[in-house]
Amino acid sequence: MSRASPVWHPFTQHGLEEPIPLVARAEGAAIFLADGTRVIDAISSWWVTTHGHNHPCITAAIAEQAHKLDQIIFAGWTHEPAERLARDLLAMMPAPLAHVFFSDSGSTSVEVALKMALGYWANRAAPRHRILVLEHSYHGDTIGAMSVGARGVFNQAYAALLFDVGTVPFPCEGHEQASLDALEAACRADNVAAFIVEPLVLGAGGMLMYPAWVLREMRRICAHHGVLFIADEVMTGWGRTGTLLACEQAGVAPDLLCLAKGLTGGSMPLAVTLATPAIFDAHCSTDPARQFFHSSSYTANPIACAAACANLAIWREEPVLERIGELARREAGLLADLSGLPGVANPRQCGTIAAFDIAGPASGYLADIGLRLRRIFRERNILLRPLGNTVYIMPPYCIDAPDLSAIKSAAIHAMTAIA
Ligand SMILES: *Cc1c(COP(=O)(O)O)cnc(C)c1O
(Lines give C-alpha, C1' and ligand atoms only; values in the text may rest on other atoms or scores of the structure.)
Protein backbone atom coordinates (compact mmCIF):
# COMPACT_ATOMS: atom_id res chain seq x y z
CA MET A 1 0.00 0.00 0.00
CA SER A 2 1.71 3.21 -1.05
CA ARG A 3 1.08 6.43 0.80
CA ALA A 4 2.18 10.00 0.36
CA SER A 5 3.74 10.22 3.84
CA PRO A 6 6.39 7.89 5.29
CA VAL A 7 5.10 8.57 8.83
CA TRP A 8 3.76 5.54 10.70
CA HIS A 9 1.16 6.75 13.23
CA PRO A 10 0.32 5.23 16.63
CA PHE A 11 -2.93 3.27 17.08
CA THR A 12 -3.74 3.89 13.42
CA GLN A 13 -4.73 1.37 10.78
CA HIS A 14 -3.23 3.03 7.72
CA GLY A 15 -5.17 0.65 5.48
CA LEU A 16 -8.48 2.10 6.69
CA GLU A 17 -7.97 5.70 7.73
CA GLU A 18 -8.77 8.61 5.54
CA PRO A 19 -6.16 11.30 4.89
CA ILE A 20 -4.60 12.50 8.13
CA PRO A 21 -5.12 16.24 8.82
CA LEU A 22 -2.05 18.44 9.09
CA VAL A 23 -2.15 20.58 12.24
CA ALA A 24 -0.33 23.88 12.11
CA ARG A 25 -0.95 25.53 15.47
CA ALA A 26 -3.10 25.50 18.57
CA GLU A 27 -4.51 27.93 21.09
CA GLY A 28 -6.72 27.38 24.13
CA ALA A 29 -9.26 24.67 23.41
CA ALA A 30 -8.69 24.69 19.66
CA ILE A 31 -6.26 23.41 17.09
CA PHE A 32 -5.89 24.94 13.64
CA LEU A 33 -5.23 22.96 10.48
CA ALA A 34 -2.76 24.04 7.84
CA ASP A 35 -5.67 25.37 5.75
CA GLY A 36 -6.86 27.51 8.68
CA THR A 37 -9.77 25.30 9.79
CA ARG A 38 -10.48 25.62 13.52
CA VAL A 39 -11.06 22.29 15.29
CA ILE A 40 -12.30 21.99 18.89
CA ASP A 41 -10.06 19.71 20.94
CA ALA A 42 -12.70 17.76 22.88
CA ILE A 43 -10.24 15.20 24.28
CA SER A 44 -7.34 17.45 25.29
CA SER A 45 -5.11 15.96 22.58
CA TRP A 46 -5.28 12.48 24.14
CA TRP A 47 -5.75 13.63 27.73
CA VAL A 48 -2.64 15.77 28.11
CA THR A 49 -3.69 19.41 27.63
CA THR A 50 -5.02 20.71 30.94
CA HIS A 51 -5.20 24.54 31.02
CA GLY A 52 -5.36 24.87 27.24
CA HIS A 53 -2.95 24.72 24.31
CA ASN A 54 -0.01 27.13 24.28
CA HIS A 55 -0.62 28.66 27.69
CA PRO A 56 1.53 31.81 27.56
CA CYS A 57 3.28 31.10 30.91
CA ILE A 58 4.30 27.62 29.80
CA THR A 59 5.48 28.61 26.32
CA ALA A 60 7.46 31.51 27.85
CA ALA A 61 9.13 29.17 30.37
CA ILE A 62 10.05 26.77 27.56
CA ALA A 63 11.53 29.55 25.44
CA GLU A 64 13.50 31.01 28.34
CA GLN A 65 14.92 27.65 29.45
CA ALA A 66 15.82 26.66 25.86
CA HIS A 67 18.24 29.59 25.75
CA LYS A 68 19.94 28.59 29.04
CA LEU A 69 20.40 24.83 29.25
CA ASP A 70 18.97 22.42 26.72
CA GLN A 71 20.01 19.05 28.11
CA ILE A 72 22.42 17.55 30.63
CA ILE A 73 23.20 14.04 31.81
CA PHE A 74 21.15 13.55 34.99
CA ALA A 75 23.19 10.77 36.61
CA GLY A 76 25.55 12.56 38.99
CA TRP A 77 24.53 16.03 37.73
CA THR A 78 21.55 18.21 38.45
CA HIS A 79 19.99 21.53 37.42
CA GLU A 80 17.75 24.20 38.82
CA PRO A 81 14.49 23.41 36.94
CA ALA A 82 14.59 19.77 38.17
CA GLU A 83 15.41 20.77 41.76
CA ARG A 84 12.71 23.43 41.81
CA LEU A 85 10.15 21.13 40.21
CA ALA A 86 10.83 18.33 42.70
CA ARG A 87 10.45 20.70 45.67
CA ASP A 88 7.33 22.37 44.28
CA LEU A 89 5.76 19.01 43.40
CA LEU A 90 6.27 17.54 46.85
CA ALA A 91 4.70 20.65 48.38
CA MET A 92 1.48 19.82 46.46
CA MET A 93 1.47 16.05 46.88
CA PRO A 94 0.45 13.83 49.84
CA ALA A 95 3.01 14.04 52.64
CA PRO A 96 4.35 10.47 52.70
CA LEU A 97 5.73 10.97 49.18
CA ALA A 98 9.20 12.44 49.57
CA HIS A 99 11.32 11.40 46.57
CA VAL A 100 10.96 12.30 42.89
CA PHE A 101 12.29 10.13 40.05
CA PHE A 102 12.06 11.60 36.54
CA SER A 103 11.33 9.85 33.26
CA ASP A 104 9.64 10.85 30.03
CA SER A 105 6.26 9.19 29.57
CA GLY A 106 3.43 7.62 31.50
CA SER A 107 4.61 4.18 30.43
CA THR A 108 8.11 4.77 31.74
CA SER A 109 6.77 6.20 35.00
CA VAL A 110 4.90 2.89 35.43
CA GLU A 111 7.99 0.80 34.53
CA VAL A 112 9.92 2.80 37.13
CA ALA A 113 7.22 2.23 39.79
CA LEU A 114 7.18 -1.53 39.10
CA LYS A 115 10.99 -1.72 39.24
CA MET A 116 11.07 0.33 42.46
CA ALA A 117 8.50 -1.97 44.05
CA LEU A 118 10.47 -5.09 43.15
CA GLY A 119 13.74 -3.39 44.10
CA TYR A 120 12.29 -2.50 47.49
CA TRP A 121 11.57 -6.14 48.28
CA ALA A 122 14.83 -7.42 46.76
CA ASN A 123 16.93 -4.95 48.73
CA ARG A 124 15.19 -5.94 51.96
CA ALA A 125 16.29 -9.52 51.24
CA ALA A 126 12.64 -10.56 51.14
CA PRO A 127 12.08 -10.78 47.40
CA ARG A 128 8.47 -10.61 46.19
CA HIS A 129 7.63 -10.70 42.50
CA ARG A 130 3.89 -10.80 41.98
CA ILE A 131 1.99 -7.73 40.84
CA LEU A 132 -1.76 -7.35 41.29
CA VAL A 133 -3.80 -5.32 38.82
CA LEU A 134 -7.40 -4.26 38.31
CA GLU A 135 -9.40 -5.80 35.46
CA HIS A 136 -9.71 -3.53 32.36
CA SER A 137 -6.78 -1.34 33.40
CA TYR A 138 -4.33 0.41 31.11
CA HIS A 139 -0.87 1.51 32.18
CA GLY A 140 1.00 2.08 28.91
CA ASP A 141 2.42 0.31 25.89
CA THR A 142 5.92 -0.82 26.87
CA ILE A 143 6.29 -4.50 27.73
CA GLY A 144 6.12 -4.07 31.52
CA ALA A 145 3.26 -1.57 31.34
CA MET A 146 1.36 -3.86 28.95
CA SER A 147 1.93 -6.77 31.32
CA VAL A 148 0.04 -4.99 34.10
CA GLY A 149 -2.73 -3.85 31.72
CA ALA A 150 -5.71 -5.63 30.23
CA ARG A 151 -4.93 -8.31 27.66
CA GLY A 152 -6.66 -8.01 24.31
CA VAL A 153 -6.26 -7.28 20.67
CA PHE A 154 -3.77 -4.50 21.57
CA ASN A 155 -1.16 -6.91 22.89
CA GLN A 156 -2.13 -10.34 21.52
CA ALA A 157 0.94 -10.49 19.28
CA TYR A 158 3.26 -9.83 22.21
CA ALA A 159 1.53 -12.05 24.78
CA ALA A 160 4.51 -14.39 24.99
CA LEU A 161 6.65 -11.56 26.37
CA LEU A 162 4.19 -10.33 29.00
CA PHE A 163 4.66 -11.42 32.61
CA ASP A 164 1.91 -13.05 34.62
CA VAL A 165 -0.09 -10.89 37.07
CA GLY A 166 -3.00 -11.40 39.46
CA THR A 167 -6.17 -9.70 38.20
CA VAL A 168 -8.78 -8.31 40.59
CA PRO A 169 -12.29 -7.98 39.07
CA PHE A 170 -13.37 -4.42 38.30
CA PRO A 171 -15.62 -3.05 41.12
CA CYS A 172 -18.81 -2.80 39.03
CA GLU A 173 -21.74 -1.04 40.65
CA GLY A 174 -23.31 -3.43 43.13
CA HIS A 175 -20.29 -5.78 43.08
CA GLU A 176 -17.75 -3.60 44.86
CA GLN A 177 -17.43 -5.90 47.87
CA ALA A 178 -16.69 -8.93 45.66
CA SER A 179 -13.86 -6.99 44.08
CA LEU A 180 -12.47 -5.96 47.49
CA ASP A 181 -12.74 -9.54 48.75
CA ALA A 182 -10.79 -10.73 45.70
CA LEU A 183 -8.09 -8.15 46.40
CA GLU A 184 -7.93 -9.23 50.04
CA ALA A 185 -7.59 -12.89 49.05
CA ALA A 186 -4.91 -12.09 46.46
CA CYS A 187 -2.94 -9.99 48.97
CA ARG A 188 -2.92 -12.89 51.44
CA ALA A 189 -0.77 -15.00 49.12
CA ASP A 190 3.01 -14.82 49.58
CA ASN A 191 5.09 -13.07 47.05
CA VAL A 192 2.78 -10.08 46.31
CA ALA A 193 5.02 -7.05 45.80
CA ALA A 194 2.49 -4.42 44.76
CA PHE A 195 -0.98 -3.55 43.54
CA ILE A 196 -1.18 -1.00 40.69
CA VAL A 197 -4.39 0.91 40.10
CA GLU A 198 -5.88 3.81 38.16
CA PRO A 199 -7.70 5.79 40.90
CA LEU A 200 -11.46 6.40 40.31
CA VAL A 201 -11.40 6.22 36.48
CA LEU A 202 -9.98 3.52 34.20
CA GLY A 203 -9.21 5.58 31.10
CA ALA A 204 -8.31 3.47 28.09
CA GLY A 205 -10.37 0.60 29.51
CA GLY A 206 -13.46 2.65 28.55
CA MET A 207 -13.73 5.49 31.08
CA LEU A 208 -14.94 3.02 33.71
CA MET A 209 -15.65 4.74 37.02
CA TYR A 210 -15.84 3.47 40.61
CA PRO A 211 -16.46 5.28 43.88
CA ALA A 212 -13.87 6.79 46.22
CA TRP A 213 -14.79 4.51 49.12
CA VAL A 214 -13.68 1.50 47.06
CA LEU A 215 -10.32 3.14 46.41
CA ARG A 216 -9.99 3.86 50.14
CA GLU A 217 -10.74 0.22 50.97
CA MET A 218 -8.24 -1.01 48.36
CA ARG A 219 -5.57 1.16 49.93
CA ARG A 220 -6.45 -0.11 53.42
CA ILE A 221 -6.30 -3.77 52.32
CA CYS A 222 -2.88 -3.31 50.68
CA ALA A 223 -1.49 -1.52 53.74
CA HIS A 224 -2.85 -4.25 56.00
CA HIS A 225 -0.96 -6.92 54.02
CA GLY A 226 2.21 -4.90 53.46
CA VAL A 227 1.55 -4.82 49.70
CA LEU A 228 2.87 -1.65 48.05
CA PHE A 229 0.12 0.54 46.58
CA ILE A 230 0.97 2.11 43.22
CA ALA A 231 -1.39 4.87 42.04
CA ASP A 232 -1.19 5.44 38.29
CA GLU A 233 -2.53 9.00 38.06
CA VAL A 234 -1.07 9.55 34.60
CA MET A 235 -4.58 10.30 33.29
CA THR A 236 -6.48 11.17 36.48
CA GLY A 237 -3.90 13.61 37.87
CA TRP A 238 -3.82 17.39 37.42
CA GLY A 239 -7.48 18.04 38.05
CA ARG A 240 -9.13 15.66 35.61
CA THR A 241 -11.39 14.11 38.24
CA GLY A 242 -12.21 17.42 39.94
CA THR A 243 -9.35 17.41 42.45
CA LEU A 244 -5.60 17.73 41.86
CA LEU A 245 -5.25 13.97 42.39
CA ALA A 246 -8.06 11.41 42.27
CA CYS A 247 -6.53 9.80 45.41
CA GLU A 248 -7.46 12.96 47.32
CA GLN A 249 -11.17 12.13 47.03
CA ALA A 250 -10.53 8.87 48.86
CA GLY A 251 -8.23 10.53 51.38
CA VAL A 252 -5.44 8.11 50.55
CA ALA A 253 -1.76 8.43 49.79
CA PRO A 254 -0.01 5.77 47.69
CA ASP A 255 3.47 4.31 48.25
CA LEU A 256 4.31 5.09 44.63
CA LEU A 257 2.61 7.69 42.44
CA CYS A 258 2.93 7.95 38.65
CA LEU A 259 2.32 11.32 36.97
CA ALA A 260 2.83 12.33 33.33
CA LYS A 261 0.33 13.68 30.76
CA GLY A 262 -0.71 16.96 32.48
CA LEU A 263 2.55 17.38 34.39
CA THR A 264 3.77 19.97 31.88
CA GLY A 265 0.23 21.20 31.23
CA GLY A 266 0.40 18.94 28.19
CA SER A 267 3.21 20.82 26.48
CA MET A 268 6.31 18.61 26.75
CA PRO A 269 7.00 14.92 27.41
CA LEU A 270 7.89 14.47 31.08
CA ALA A 271 6.93 12.04 33.83
CA VAL A 272 7.67 11.45 37.48
CA THR A 273 7.39 8.53 39.86
CA LEU A 274 7.09 9.72 43.47
CA ALA A 275 8.13 7.37 46.26
CA THR A 276 7.93 7.17 50.05
CA PRO A 277 11.09 7.29 52.19
CA ALA A 278 10.77 3.53 52.87
CA ILE A 279 11.16 2.77 49.16
CA PHE A 280 14.00 5.26 48.67
CA ASP A 281 15.77 4.06 51.82
CA ALA A 282 15.63 0.45 50.62
CA HIS A 283 17.79 1.55 47.66
CA CYS A 284 20.06 3.94 49.59
CA SER A 285 23.22 2.40 51.05
CA THR A 286 26.98 2.33 50.54
CA ASP A 287 26.51 -0.75 48.37
CA PRO A 288 26.52 0.20 44.65
CA ALA A 289 24.55 -2.95 43.84
CA ARG A 290 21.50 -1.57 45.68
CA GLN A 291 21.13 1.64 43.65
CA PHE A 292 18.08 2.06 41.43
CA PHE A 293 19.11 0.82 38.00
CA HIS A 294 17.04 2.91 35.62
CA SER A 295 17.62 5.84 33.30
CA SER A 296 16.59 7.26 29.99
CA SER A 297 18.77 9.64 27.98
CA TYR A 298 16.44 12.58 28.52
CA THR A 299 15.72 11.99 32.23
CA ALA A 300 14.62 15.35 33.71
CA ASN A 301 15.21 17.29 30.50
CA PRO A 302 15.63 20.92 31.67
CA ILE A 303 13.22 22.40 29.11
CA ALA A 304 10.50 19.90 30.04
CA CYS A 305 11.15 20.56 33.75
CA ALA A 306 10.82 24.32 33.16
CA ALA A 307 7.47 23.69 31.43
CA ALA A 308 6.32 21.63 34.42
CA CYS A 309 7.44 24.36 36.85
CA ALA A 310 5.30 26.81 34.89
CA ASN A 311 2.36 24.40 35.09
CA LEU A 312 2.74 24.24 38.87
CA ALA A 313 2.88 28.04 39.02
CA ILE A 314 -0.42 28.18 37.11
CA TRP A 315 -1.92 25.79 39.68
CA ARG A 316 -0.70 28.08 42.48
CA GLU A 317 -1.65 31.38 40.88
CA GLU A 318 -4.76 30.81 38.77
CA PRO A 319 -8.18 29.60 40.03
CA VAL A 320 -7.70 26.20 38.36
CA LEU A 321 -9.93 24.21 40.70
CA GLU A 322 -12.76 26.74 40.36
CA ARG A 323 -12.43 26.54 36.57
CA ILE A 324 -12.56 22.74 36.77
CA GLY A 325 -15.64 22.86 39.03
CA GLU A 326 -17.43 25.15 36.61
CA LEU A 327 -16.50 22.97 33.61
CA ALA A 328 -17.69 19.86 35.47
CA ARG A 329 -21.06 21.55 36.14
CA ARG A 330 -21.45 22.47 32.47
CA GLU A 331 -20.49 18.95 31.39
CA ALA A 332 -23.12 17.54 33.76
CA GLY A 333 -25.71 19.64 31.92
CA LEU A 334 -24.41 18.42 28.57
CA LEU A 335 -24.56 14.80 29.71
CA ALA A 336 -28.10 15.26 31.03
CA ASP A 337 -29.15 16.58 27.60
CA LEU A 338 -27.55 13.61 25.83
CA SER A 339 -28.87 11.01 28.28
CA GLY A 340 -32.37 11.06 26.81
CA LEU A 341 -31.19 10.29 23.27
CA PRO A 342 -31.85 6.84 21.84
CA GLY A 343 -28.72 4.70 21.93
CA VAL A 344 -27.06 6.54 24.81
CA ALA A 345 -26.27 4.09 27.64
CA ASN A 346 -24.50 4.37 30.99
CA PRO A 347 -23.96 8.15 31.04
CA ARG A 348 -21.32 8.84 33.69
CA GLN A 349 -19.04 11.61 34.86
CA CYS A 350 -16.09 12.11 37.14
CA GLY A 351 -14.89 15.72 37.31
CA THR A 352 -14.11 16.91 33.78
CA ILE A 353 -14.52 13.45 32.24
CA ALA A 354 -18.00 12.80 30.82
CA ALA A 355 -18.73 9.52 29.04
CA PHE A 356 -21.47 7.29 27.71
CA ASP A 357 -21.67 4.03 25.81
CA ILE A 358 -23.50 3.41 22.59
CA ALA A 359 -26.09 0.76 23.26
CA GLY A 360 -26.08 -2.27 21.01
CA PRO A 361 -24.00 -5.32 20.28
CA ALA A 362 -21.03 -3.55 18.65
CA SER A 363 -18.79 -3.31 21.68
CA GLY A 364 -15.01 -3.54 22.00
CA TYR A 365 -12.25 -1.24 20.91
CA LEU A 366 -12.37 -2.29 17.26
CA ALA A 367 -16.11 -1.83 16.92
CA ASP A 368 -16.45 0.03 13.61
CA ILE A 369 -18.87 2.40 15.30
CA GLY A 370 -15.80 4.17 16.72
CA LEU A 371 -14.35 4.94 13.33
CA ARG A 372 -17.74 6.07 12.00
CA LEU A 373 -18.23 8.40 14.95
CA ARG A 374 -14.74 9.80 14.66
CA ARG A 375 -15.48 10.62 11.01
CA ILE A 376 -18.77 12.33 11.91
CA PHE A 377 -17.06 14.49 14.56
CA ARG A 378 -14.15 15.30 12.25
CA GLU A 379 -16.58 16.52 9.57
CA ARG A 380 -17.97 18.91 12.17
CA ASN A 381 -14.49 20.09 13.16
CA ILE A 382 -14.41 18.38 16.52
CA LEU A 383 -11.47 16.28 17.66
CA LEU A 384 -13.16 13.39 19.45
CA ARG A 385 -11.93 9.82 19.42
CA PRO A 386 -14.30 7.23 20.91
CA LEU A 387 -12.84 4.21 22.67
CA GLY A 388 -14.70 1.50 20.78
CA ASN A 389 -18.36 2.16 21.57
CA THR A 390 -17.56 4.52 24.45
CA VAL A 391 -17.86 8.22 23.64
CA TYR A 392 -16.20 10.59 26.09
CA ILE A 393 -15.36 14.24 26.29
CA MET A 394 -12.41 15.49 28.28
CA PRO A 395 -11.73 19.04 27.11
CA PRO A 396 -9.03 21.48 28.24
CA TYR A 397 -10.22 23.43 31.31
CA CYS A 398 -10.37 26.71 29.38
CA ILE A 399 -13.06 25.54 26.93
CA ASP A 400 -15.90 28.08 26.67
CA ALA A 401 -19.66 27.56 26.56
CA PRO A 402 -20.04 27.93 22.76
CA ASP A 403 -17.37 25.30 22.09
CA LEU A 404 -18.98 22.96 24.60
CA SER A 405 -22.36 23.49 22.90
CA ALA A 406 -20.77 22.70 19.55
CA ILE A 407 -19.55 19.40 20.99
CA LYS A 408 -23.03 18.67 22.30
CA SER A 409 -24.67 19.44 18.93
CA ALA A 410 -22.15 17.22 17.16
CA ALA A 411 -22.85 14.39 19.62
CA ILE A 412 -26.61 14.75 19.10
CA HIS A 413 -26.06 14.75 15.34
CA ALA A 414 -23.82 11.68 15.61
CA MET A 415 -26.31 9.72 17.71
CA THR A 416 -29.08 10.53 15.25
CA ALA A 417 -26.91 9.62 12.27
CA ILE A 418 -26.04 6.18 13.61
CA ALA A 419 -29.51 5.39 15.01
C1 LIG B 1 -1.77 7.36 28.98
C2 LIG B 1 -1.59 6.49 30.17
C3 LIG B 1 -0.37 5.84 30.42
C4 LIG B 1 0.77 5.87 29.45
O5 LIG B 1 1.28 7.15 29.29
P6 LIG B 1 2.19 7.49 27.99
O7 LIG B 1 2.72 8.83 28.26
O8 LIG B 1 1.25 7.43 26.82
O9 LIG B 1 3.24 6.43 27.92
C10 LIG B 1 -0.24 5.15 31.60
N11 LIG B 1 -1.25 5.06 32.48
C12 LIG B 1 -2.43 5.65 32.27
C13 LIG B 1 -3.50 5.54 33.30
C14 LIG B 1 -2.65 6.38 31.09
O15 LIG B 1 -3.85 6.94 30.87
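The side chains of R25 and E27 meet in a salt bridge, with N and O 3.7 Å apart; the term stands for a side-chain nitrogen of Lys or Arg within 4 Å of a carboxyl oxygen of Asp or Glu. Side chains of opposite charge can pair when their charged atoms come close. R25 counts as partly exposed because its relative accessibility is 45%; on this scale, buried means under 20% relative accessible area, exposed over 50%, and partly exposed in between, using a 1.4 Å probe and protein chains only. The structure is a predicted model, in which local features need pLDDT of at least 70 and side-chain atom pairs count only at pLDDT 80 or more, while totals for chains, interfaces and linings use all residues. Residues are numbered from 1 along each chain as its sequence is written, and side-chain values use heavy atoms, with hydrogens and water left out.

In total, the structure holds 13 salt bridges. Another of these pairs is R130 with D164, where the closest N and O atoms are 3.6 Å apart. This pair links distant parts of the chain, 34 residues apart: R130 belongs to strand β5 (residues 130-134), and D164 to the loop between α5 (143-147) and β6 (166-168). Such helices (H or I, at least four residues) and strands (E, at least two) are DSSP runs, numbered from the N terminus. R130 is partly exposed because its relative accessibility is 29%, whereas D164 is exposed because its relative accessible area is 59%.

What is the distance between the closest N and O atoms of R348 and D357 in their salt bridge? They are 3.0 Å apart. R348 is buried because its relative accessible area is 14%, and D357 is buried because its relative accessible area is 14%.

Attention now turns to the ligand. The residues around the ligand include W47, Y138, H139, E198, V234, M235 and K261; a residue belongs to this group if one of its heavy atoms lies within 4 Å of the ligand. Which atoms of G106 lie 2.7 Å from an oxygen atom of the ligand: backbone or side-chain? For G106 it is a backbone N or O atom. S107 instead places a polar side-chain atom 2.6 Å from an oxygen atom of the ligand, and D232 has a polar side-chain atom 2.7 Å from a nitrogen atom of the ligand. The protein covers 84% of the 380 Å² of accessible area that the ligand has on its own. Accessible areas come from the Shrake-Rupley method with a 1.4 Å probe, and for residues only the protein chains shown count as cover.

F11 sits in the segment before β1 (23-27) and counts as partly exposed because its relative accessibility is 36%.

Several further residues show how parts of the chain meet. S103 is found in strand β4 (residues 99-103) and is buried because its relative accessibility is 1%. The side chains of S103 and T108 are joined by a polar contact of 3.0 Å. A polar contact is a pair of N or O atoms within 3.5 Å; within protein, one must be able to donate a hydrogen and the other to accept it, and residues adjacent in sequence count only if both atoms are side-chain atoms. Leaving aside neighbours within four places in sequence, S103 is in contact (heavy atoms within 4.5 Å) with T108, S109, L270, A271 and S296.

D88, in helix α3 (residues 80-92), is buried because its relative accessibility is 19%. A polar contact of 3.5 Å connects the side chains of D88 and R316. P94 lies in the loop between α3 and β4. P94 and A253 are 159 residues apart in sequence, yet 5.8 Å apart in space from C-alpha to C-alpha.

Finally, I279 has its place in helix α9 (residues 277-283). I279 counts as buried because its relative accessibility is 1%. Not counting residues up to four places away in sequence, I279 touches M116, Y120, L228, D255 and L256.
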